[in-house]
Amino acid sequence: MRLKLFFPVLLGLVLTIGMAAVAFSQDAEQKDPPSEVDFKRPEGAAATKFVGVKFNHELHMAEDCMLCHHTWDGASAVKSCSAKGCHDDMKNRELANSYFRAFHDKHSKRSCVGCHTEMNDEAKKKGEEQMKISPCSNNMCHAKS
Ligand code: HEC
Ligand code: HEC
């Protein structure tokens, strides 16, 4: 008799805790940056012969999230760079909303190439070692592992 009651209650408890844990981890997932991001080339992106880029958040924690995620409100889910209405032009490299420019704009600190170029300019002035950002093939970004 007692066992008959115990099991449904136990099952209910396990389910409740399980669901809460899932909800919590989904929430945390949206806010905590994944340590390493493998860029998935969005559909329609021009083919390239270069190796895909991996992005490591941990190496970039000196920067504010909002520098790169520049339309993020700090609370909702982080959108991908290629989200609709963002850098969603997959063809024209000259346009500011092109997928290419988001990462390769030499004159924007929030682009990968822009910030690393600025850092290299500083390093050069100080006679320090520069990051290997060119040529594009097998450089620091499109790195063969
Ligand atoms: C130097 C630039 C940069 C900084 C700083 C940065 N991120 Fe990111 N983050 C990226 C890039 C690039 C992606 C990959 C976007 C894509 O796939 O289009 C990304 C992806 C993400 C994703 C995954 C989004 C998805 O769709 O899977 C989350 C979550 C995220 N960042 C959170 C953060 C948080 C929180 C911070 C600050 C603590 C932060 N990021 C700082 C560049 C940055
Ligand atoms: C605002 C500046 C800034 C932006 C934007 C930025 N980075 Fe970096 N990046 C850094 C700094 C600083 C380091 C050096 C971290 C270290 O070695 O301590 C770095 C290092 C790296 C490294 C070298 C890691 C290693 O193995 O030493 C790679 C690869 C890299 N970044 C990729 C990217 C990509 C891809 C993007 C764009 C999605 C990007 N970065 C955007 C500042 C930036």
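Helices (H or I, at least four residues) and strands (E, at least two) are DSSP runs, numbered from the N terminus. With that in hand, select alanine 46: it sits in the loop between strand 1 (36-38) and strand 2 (54-56).

Before going on, a word about the model and its labels. This is a predicted model, where local features need pLDDT of at least 70, side-chain atom pairs count only at pLDDT 80 or more, and totals for chains, interfaces and linings use all residues. Residues are numbered from 1 along each chain as its sequence is written, while chains are lettered from A and ligands numbered from 1 in the order in which they are written.

**Stop 1: the loop between the strands**

Stay on alanine 46. Is it buried or exposed? Alanine 46 is exposed, because 12 other C-beta atoms lie within 10 Å. (The cut-offs: buried means 20 or more other C-beta atoms within 10 Å of a residue's own, exposed means 12 or fewer, and partly exposed is in between; C-beta atoms are placed from the backbone.)

Alanine 46 touches both, leaving aside residues up to four places away in sequence. Touching here is contact: the C-beta atoms of the two residues, placed from the backbone, lie within 7 Å. Click on arginine 93 too; alanine 46 and arginine 93 are 47 residues apart in sequence, but their C-alpha atoms are 9.9 Å apart in space.

Next, pick lysine 49, which is also in the loop between strand 1 and strand 2. Lysine 49 has 7 C-beta neighbours inside 10 Å, so it counts as exposed. Draw a line from lysine 49 to serine 137: that's 88 residues apart in sequence and 8.2 Å in space, C-alpha to C-alpha.

**Stop 2: zoom out**

Show the whole protein chain. Of the chain's 145 residues, 5% count as buried. Take the contacts between residues at least 6 apart in sequence: 24% of them join residues at least 24 apart.

The mean for the protein chain is 83, with 79% of residues at 70 or more. Where is confidence lowest, and where is it highest? Helix 1 has the lowest mean, 54, and helix 4 the highest, 97. Over residues 22-30 the pLDDT is below 50, and this stretch has two contacts in the model beyond near neighbours in sequence.

**Stop 3: ligand 1**

Select ligand 1 and the 18 residues around it; Pro33, Cys65, Cys68, Ser80 and Cys81 come nearest. A residue is near a molecule if its C-beta atom, placed from the backbone, lies within 6 Å of it. Helix 1 (2-31) and helix 2 (65-68) each supply at least two residues of this shell, and helix 2 has the largest share, with three. By class, the shell around ligand 1 holds ten nonpolar, six polar and two charged residues. (Ala, Val, Leu, Ile, Met, Phe, Trp, Tyr, Cys and Pro count as nonpolar, Asp, Glu, Lys and Arg as charged, and the others, Gly among them, as polar.)

**Stop 4: ligand 2**

Hop over to ligand 2. It has 16 residues around it, and Phe55, Leu59, Glu63, Cys112 and Cys115 are the closest. Helix 2 and helix 4 (112-126) each give at least two residues to the shell around ligand 2, with the largest share, three residues, coming from helix 4. This shell divides into eleven nonpolar, two polar and three charged residues.

**Stop 5: helix 4 and what follows**

Select helix 4 and check its length. Its 15 residues should span 21 Å at 1.5 Å a residue, and its end C-alpha atoms are 21 Å apart, so the two agree. The expected span is 1.5 Å times one less than the number of residues.

Move on to methionine 131, in the segment after helix 4. Methionine 131 is partly exposed because 13 other C-beta atoms lie within 10 Å. Its contacts, not counting residues up to four places away in sequence, are His116, Met119, Asn120 and Met140.

Two last picks. Serine 134 and proline 135 are joined by a cis peptide bond, with omega about -5 degrees. Asparagine 138 isn't a glycine, but its phi is positive, near 55 degrees. Most residues other than glycine have a negative phi, and most peptide bonds are trans.

Technical notes: pLDDT = per-residue confidence, 0-100.
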